[in-house]
Structures are given as C-alpha cells and as structure tokens.
Amino acid sequence: MIKYNLFCKNCKNTFDSWFSSSKEYAKLKRHNHINCHECGSLDVEKSLMAPSIISSKVKKAESLKNNKYIKVKNKIKEYQNFVKQNFHYVGDNFAYEARSIHYDNKKNEKGIYGSASKKDIEELKEEGIQTEVIPWIRENDS
Ligand SMILES: [Zn+2]
C-alpha cells in the first residue's frame, strides 16, 4: 500500500488517498477514476510533497533502531558465550548450587550460572551470597 497526498487544482483541497501501488495510481489517473474528495473535480494531482520520501525516512529511522538493537543483542550474545565457556551451567538448581559453593567451600574451578527466581536471589543476598543478574537471550528469541 502506498499513500499519496493529492491536490485538487480546482478547489485547492488536499487529501490523502491509499493505492496498492504507484502503478495503480497511474492507471486510475489515466482512466479518470481519481477525483477530488471535496468538489469531485478530476483535476487532481499528486502533491509535490511526496509521502514516499517521508515513509522512506521513517523506514530508515526504524532500521537504524533495529541496527542498534542487533548490536546490543550481539553484545549480549558475546557475553553469553563467555559465560557459557567459563561458567558451569546448573539450570534451575542455581540457588542450591550457589549455597553449596558458599557453605561447603566446594571447590569449583568454574563459576556457575543458571536460572533463579527474584526471590531466590534476594534470599541468597540476605545470606551474604552475591549473585550477578545478567541479561540473557534464549536461542529461539528473535
Ligand atoms: Zn476539489
């Protein structure tokens, strides 16, 4: 869909109209199917301020935003890979494993990572076990 800002030469009215494509607009125009919403005159033209330029700007801004998002996402993934390589994954047992390291002085060459609830983290903190909450992207997240 494409939106054109149309201008009536007869009554100076401007109005927006949607077309499936610029080709469709040209075809309708050629067959005199485009008329002014106000006075019905066929003397209607596309306004000089072509909305296609505006929408392409919007698109650019959006893709710029996406780029930033992708960059941040890649950073998180890099960090994620670092954690995966240097920490031992304990899944949902995080709180339990964190306690056993803390209380049993369990020798662990690697640190651990896993999922913990907010409550778990608060409880660990109260017990003097410092944890780090990190952003995590699941593989199937787009
Ligand atoms: Zn008109």
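I count two residues as in contact if their C-beta atoms, placed from the backbone, lie within 7 Å. Helices (H or I, at least four residues) and strands (E, at least two) are DSSP runs, numbered from the N terminus.

The model is predicted: local features need pLDDT of at least 70, side-chain atom pairs count only at pLDDT 80 or more, and totals for chains, interfaces and linings use all residues. Residues are numbered from 1 along each chain as its sequence is written.

Helix α3. I looked up the cover over the buried residues of α3 and found that it includes β4 (87-91), β5 (111-114) and α4 (118-126). A residue is buried if 20 or more other C-beta atoms lie within 10 Å of its own, exposed if 12 or fewer, and partly exposed in between. In α3 (residues 94-104) the buried ones are Phe94, Ala95, Glu97 and Ala98. After α3 comes asparagine 105, with a positive phi near 50°.

Glutamate 97. This residue sits in α3. I list glutamate 97 as buried because 20 other C-beta atoms lie within 10 Å. Leaving out residues up to four places away in sequence, glutamate 97 touches Val90, Ile112 and Gly114. Its C-alpha atom is 7.8 Å from that of isoleucine 112, 15 residues apart along the chain.

Sheet. I traced an open, antiparallel sheet of three strands, ordered β2-β1-β3. Strands pair if DSSP finds at least two bridges between them. β2 (14-19) and β3 (44-46) are the edges, each with a single partner strand, so one side of each lacks a neighbour in the sheet. β1 and β3 pair over three bridges; leucine 6 has lysine 46 in β3 as its bridge partner.
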